[in-house]
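Here are my notes on this model, point by point. Please read them with the structure open.

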Amino acid sequence: LAAALGPSYVRISGTWANSTYFHDSDTPPPSAPPAGFGGVLTRAQWRGVVEFAKAVDAKIVTSFAISPGVRDANGVWTPDQASKLLAYTKTLDASIAAAEFFNEPSFAAMGGAPKGYDAAAYGRDFAVFRTFIRKASPNTVLLGPGAVGEGGALAGGASALAMIKSEDMLRATGHGVDAFSYHFYGAVSKRCGAFGAGSGTTPEAALSEQWLDRTDREAAFYQALRDRFEPGRSMWLTETGETACGGDPWAATFADSFRYLDQLGRLAKRGVQVVAHNTLAASDYALIDEETLAPRPNYWSALLWRRLMGDVVLDAGPTQDPKLHLYAHCMANHPGGVTLLAIVTDTGAPRTLSLPAAAAQYTLTSSKGLESPTVELNGAPLAIGADDSLPAIEGRRHTKGRMELPPASITFLVFPDASNGSCR
């Protein structure tokens, strides 16, 4: 299933990585993490990561430990653990394609950094890390700062926590990243009640503009910082999902596919070059159910995006209808072709389009309702076969002229004979 989404990046990171000890030996790991660490990563586990990445045509993105266990007597970060992980990766004939210094430094104290860690400490440590990574792995794309929650989406809950502002971190580090990274969640899941009222969302709001627009607002915030401190650098969204803290239960349903595909369309228009969805197969927001390994609706959304939407973003033209979102790209792997993505967020009424030419239609709906874990393509349920094979993903031919889009639907329209000059 992961291979069908390739080529891709696979990100191995998260808050746990900030305090994980790499056991660089084939002997059994310690029964408990060494002092200053919260967990243990073995060679066998990391080898599994590398083998998985190779099998699915993915490049590895990661981050490194910054807990007290990797610091010298003066509290300064040392590259001892990072060096061992990189060296072992090389013995596996592999490399780290891109890396953040550590996960979400905006919440460093909550993420395992020493007590009192601030922007000045981050700047000092980042200078050590930057020098190290340039020498130890010169082809690794250095990402940063990888912060989260500053653009307003999580403001209610984040204000109750000690946050280091990206502006202060960037001022402390100066120029020095290859790509500007950030994380985004429009809210927190109901697991995280400590964030307070107003920091969550509901399935009833899943198709609302107020919910979908949060992607743009957060991206605009971080792009403004990029333009001030790292002008010209590409943007990477290195972690996102329905909500933080594992996602809400409805993240596993068709309702969240509207957020997912609309987010990809909005960010592509903004020039964001990488979007890493959290996660492949863990918790409610996963693309694949971690127990059954059955694809969820967002998996099928990702598969259609990968197969139909190319890298070149086009102007989809104006629309005065706030409940009809349109995104256009060059068609994937077909010179001259164009793909139009049309998302209808109105749950009660259809929308119409006038097609300038014949197209292949791929419409996602759910006859069992938005909160169903199943989805249909052109009316037929999507599911893997008994032998775990993917079904045929085929479009339905629609002739030139008027076309009706169902309520609460997502439609890819592929025009292979568009002869678009930007797509050749």
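1. β1 and β4, the latter covering residues 58–62, run parallel to each other and are joined by five bridges. Within this pair, V10 sits across from I60 of β4. Keep in mind throughout that this is a predicted model.

2. Now the packing on the sheet. Helix α5, residues 166–173, lies against the sheet and touches β6 (141–148) and β7 (179–185). The directions of α5 and β6 make an angle of about 150°.

3. The sheet as a whole is open and has seven strands. Their order is β1-β4-β5-β6-β7-β8-β9, and the pairing is parallel. Which strands stand at the edges? They are β1 (8–12) and β9 (272–277). Each has a single partner strand, so one side of each lacks a neighbour in the sheet. From one strand to the next, the twist averages 30°.

4. How many disulfides does a search of the whole structure find? The search gives two. Counting bonded cysteines along the chain, the pattern is 1-2, 3-4.

5. Take the disulfide between C192 and C245. Its sulfur atoms are 1.7 Å apart. The torsion about the S-S bond is about -100°, so this disulfide is left-handed. C192 belongs to the loop between β7 and α6 (209–212), while C245 belongs to the loop between β8 (234–241) and α8 (255–270). The bond therefore ties together parts 53 residues apart in sequence.

6. C245, at 30% relative accessibility, counts as partly exposed.

7. The other disulfide joins C330 to C423, with an S to S distance of 2.0 Å. Here the torsion about the S-S bond is about -85°, so this disulfide is left-handed. C330 is in strand β11 (residues 324–331), and C423 is in the segment after β19 (409–415). The two cysteines are 93 residues apart, and the pair links distant parts of the chain. Both C330 and C423 are buried.

8. A search of the whole structure finds four cavities of 30 Å³ or more. The largest cavity holds about 150 Å³ of space. Its lining has 14 residues, and A17, T20, L41, S63 and L85 lie nearest the centre.

9. Which elements supply at least two residues each to the lining of the largest cavity? They are β2 (20–23) and α2 (80–91). The most comes from α2, which gives three residues.

10. Then the open space. The largest pocket has a volume of about 1,600 Å³. It is lined by 44 residues, and those closest to its centre are S8, Y9, V275, A276 and R306. Two or more lining residues come from each of β1, β4, β8, α8, β9, α9 (297–308) and β10 (309–314). The largest share, six residues, is from β9.

Terms used: Residues numbered from 1 in each chain as written. Predicted model: local features only at pLDDT ≥ 70, side-chain atom pairs only at ≥ 80, totals over all residues. Heavy atoms only, no water. Pairing = 2+ DSSP bridges. Helix = DSSP H or I, 4+ residues; strand = E, 2+ residues; numbered from the N terminus. Axes fitted to C-alpha atoms, helices over the stretch in contact; angles between N-to-C directions. Contact = heavy atoms within 4.5 Å. Disulfide = S-S within 2.5 Å. Buried < 20%, exposed > 50% of the residue type's maximum accessible area, 1.4 Å probe, protein only. 1 Å grid on protein atoms, 1.4 Å probe; cavity = no way out; pocket = protein on both sides within 12 Å on 5 of 7 lines; lining within 4 Å. Points joined across faces, edges and corners; volume = space filled by probe spheres on them.
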